[in-house]
Structure formats: structure tokens, C-alpha cells
Amino acid sequence: MSEPTCQIVIMELMATGDGRPPSVPIEVINAHLASCAACREEARELEGLGGLLDAQRRQIPSDDLWPMIAPRLKSKKAAAGEKTTLYYFILFGASLALYKLLELIPERRIDVAFKLIPIIIAVSLFAFLKENPFKINPRLGADTE
Amino acid sequence: MEDSVAIKKCKEGDTDAFRHLVRAYQGQAIGHATGILGNREDALDAVQEAFIDAFQALNRFDGSRRFYPWFYVILRNCCYKLARGRKRREADDLEHAEILAPSGSVSPEESISLERALLELSAEDRELITLRHLDGLSYEDLAERLGIPQGTVMSRLYNVRRRLRKKLAQLDFTNE
């Protein structure tokens with residue numbers, strides 16, 4: 001096996017100290033440390049840092065977030081309910097439009113179908129952009145002031 | 001109430017059952033979010049968002065797993081999303097430690113110095129080193145939590161420790 005670099009030696013030493021099985025034989029690490037003063041010094045410093053950090057504990061705050069979370073969950077649930085209702089209306093509208101289109105086919109009134117194309121494109125565009133074409137923009141008035 | 005019972009009730013639409021999960025894990029979650037974001041105020045916002053996202057995603061939760069590791073993935077996503085839009089906290093402004101609990105091994109001043117050094121690390125580095133040392137997570141657990149291979153955990157930890165040692169040296173921190 002080739003001689004490991006200083007970085008590999010320190011990394012392995014730290015990982016072994018953290019409980020990970022060594023991927024480089026410990027004899028190779030020890031042989032490197034015996035001949036490399038810089039690695040011995042770095043290992044000593046990093047072990048000291050590890051020991052210092054291991055002696056610390058994380059703060060576990062006692063804040064209660066439920067009073068803030070509960071109303072937000074309820075409003076999300078209500079909004080989800082409204083969304084479902086909206087989807088039913090859209091589905092109902094789409095079914096009616098489809099029925100009308102199907103009704104036109106036997107009469108061969110294909111000209112009416114062509115007139116619907118721009119409307120379908122416009123509705124699809126607004127749906128794609130997630131924009132409500134009937135929304136009143138209050139900023140329009142404010143800009144003129 | 002057990003987590004599995006609360007989760008089952010939540011999946012059935014019972015928002016009150018979610019209170020059990022929030023109260024059981026909020027302290028731990030705020031601690032972890034503070035570790036990533038570096039301050040309590042942002043952590044409280046991130047944890048609230050994470051619990052709301054978790055409630056909405058509960059239908060995708062595999063009941064055979066533990067709740068918190070699953071929730072942690074949502075929490076860290078919320079933290080990093082929030083961190084992108086917020087100004088980084090200046091380590092010099094630190095008056096009291098928010099990540100580290102008071103400890104008998106270091107004085108309050110040393111604890112502040114240590115936390116200052118942690119605050120000067122990136123959020124990713126701080127998350128990794130605090131999970132390893134403050135929570136004692138193994139390389140296997142760290143790899144799972146962070147979604148990275150164990151070899152990457154090993155090399156990243158090595159680099160973070162070196163950076164932290166350098167920051168502490170700049171702050172003249174001596175703990176012998």
C-alpha cells in the first residue's frame with residue numbers, strides 16, 4: 001500500500017475518533033504520525049477541538065409554536081376546501097362546453113367550432129399563467145395619483 | 001398519544017392531532033434550525049413553515065419510519081430557503097449564545113466565543129458540525145440526514161473542523 005498523504009492521515013484519524021471503522025490500517029497511520037511532526041501537531045489540535053465541541057450541548061428552547069401554527073393550518077385547510085370547490089365548477093363548465101361542441105358535430109356547424117378556438121386559446125393562456133382576467137387591479141388607480 | 005396514532009389522525013384530516021407532533025418536536029426543531037440559521041428569530045419562522053409543510057405532506061409519510069428524521073428534511077429545506085432571503089447575522093453582534101446551552105466545561109465568555117466562531121461558518125458547515133458534536137450523530141446518520149455519502153461526510157467534517165479551528169485562533173480562543 002502506498003504512503004497516505006497528511007490529509008488522508010488526519011481525516012482517517014478524526015473519522016476513527018468519531019467511531020467510523022478505519023479504511024487505512026492503523027499501523028500505517030501510526031507510522032506516518034511517528035515520522036511527521038506537522039501531522040502530530042494538527043491531530044492534537046483537532047482532537048482538542050473535538051473534545052471541546054463534544055462537551056457542549058445544544059439549546060432546546062421551550063417556545064410553544066402551536067398557537068401560531070394552529071390558525072394557519074385551519075386557514076390552509078379552508079383554502080384547500082375552496083380550491084376543491086373551484087375545481088368542481090371548472091370541471092362542470094368544461095363538461096358543458098364539451099357537450100355543446102359534441103352537439104355541433106352532427107349539425108356540421110364547423111364554423112361555430114372555429115369561432116371557439118380564440119376563446120379556448122385565451123382561457124388556456126390565463127390558466128397557464130394562473131391569472132384571473134376578471135381581477136380588479138387596485139394599483140392602476142394609485143399610479144395615476 | 002403515540003406518533004403513529006397522531007399521524008394516522010392527521011392523515012384523516014384531524015388538525016388537532018398535529019398538536020401532539022408539534023409539541024413533541026418543536027424544541028428539538030428550533031434547536032436544529034438555530035444551528036443552521038444562526039439565530040432564534042429566523043429559526044422560529046422556519047420551524048413554523050416546516051410544520052405546516054409537513055402537515056400537508058403527511059400523506060406521503062411512510063408510517064414505518066420515525067417522524068423526526070423525515071421532518072428534518074423538510075425543516076432543513078425551509079431553513080435554507082429562508083437563509084437565501086435573509087441577511088446573515090453578524091457574529092460580532094452576539095450578546096448571548098443561542099445555539100449552545102450553558103455548559104460547565106467552558107465559561108459564558110468562552111461559550112460566546114465558540115458560538116461566534118460557529119456563526120462565521122457557512123450554514124451548511126454549521127449544520128454538519130453541530131449535528132456531529134452537539135447531537136452525536138454517527139457518520140451513517142449524518143449521511144442519511146444530509147443526503148450525502150459517508151465519504152463526503154468524512155471529508156467535509158475534516159474541512160469544517162480545520163476552518164473552525166482557524167476561526168477560534170483568530171478569536172484568540174484558548175481552552176486547555
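**Entry 1: the helix α1(A).** I began with α1(A), which has 12 residues and reaches 17 Å from its first C-alpha to its last, close to the 16 Å expected at 1.5 Å a residue. That expected span is 1.5 Å times one less than the number of residues. This is a predicted model, where local features need pLDDT of at least 70, side-chain atom pairs count only at pLDDT 80 or more, and totals for chains, interfaces and linings use all residues. Residues are numbered from 1 along each chain as its sequence is written, while chains are lettered from A and ligands numbered from 1 in the order in which they are written.

**Entry 2: what is buried.** I looked up the buried residues of α1(A) (20 or more other C-beta atoms within 10 Å of their own, C-beta atoms being placed from the backbone), and found V9(A), I10(A), M11(A), E12(A), L13(A), M14(A) and A15(A). They pack against α2 (26-35) and α3 of chain A together with α8 (150-170) of chain B. Just after α1(A), I noted G19(A) with a positive phi of about 95°.

**Entry 3: the whole chain.** I found 6 helices and 0 strands in chain A; helices are DSSP runs of H or I with at least four residues, strands runs of E with at least two. Buried residues make up 12% of the 145 residues in chain A.

**Entry 4: meeting chain B.** I saw 32 residues of chain A in contact (C-beta atoms, placed from the backbone, within 7 Å) with 39 residues of chain B. On the chain A side, α1 (6-17), α3 (37-54) and α4 (66-104) each give two or more residues. The largest share, 9 residues, comes from α4(A).

Technical notes
Contact = placed C-beta atoms within 7 Å.
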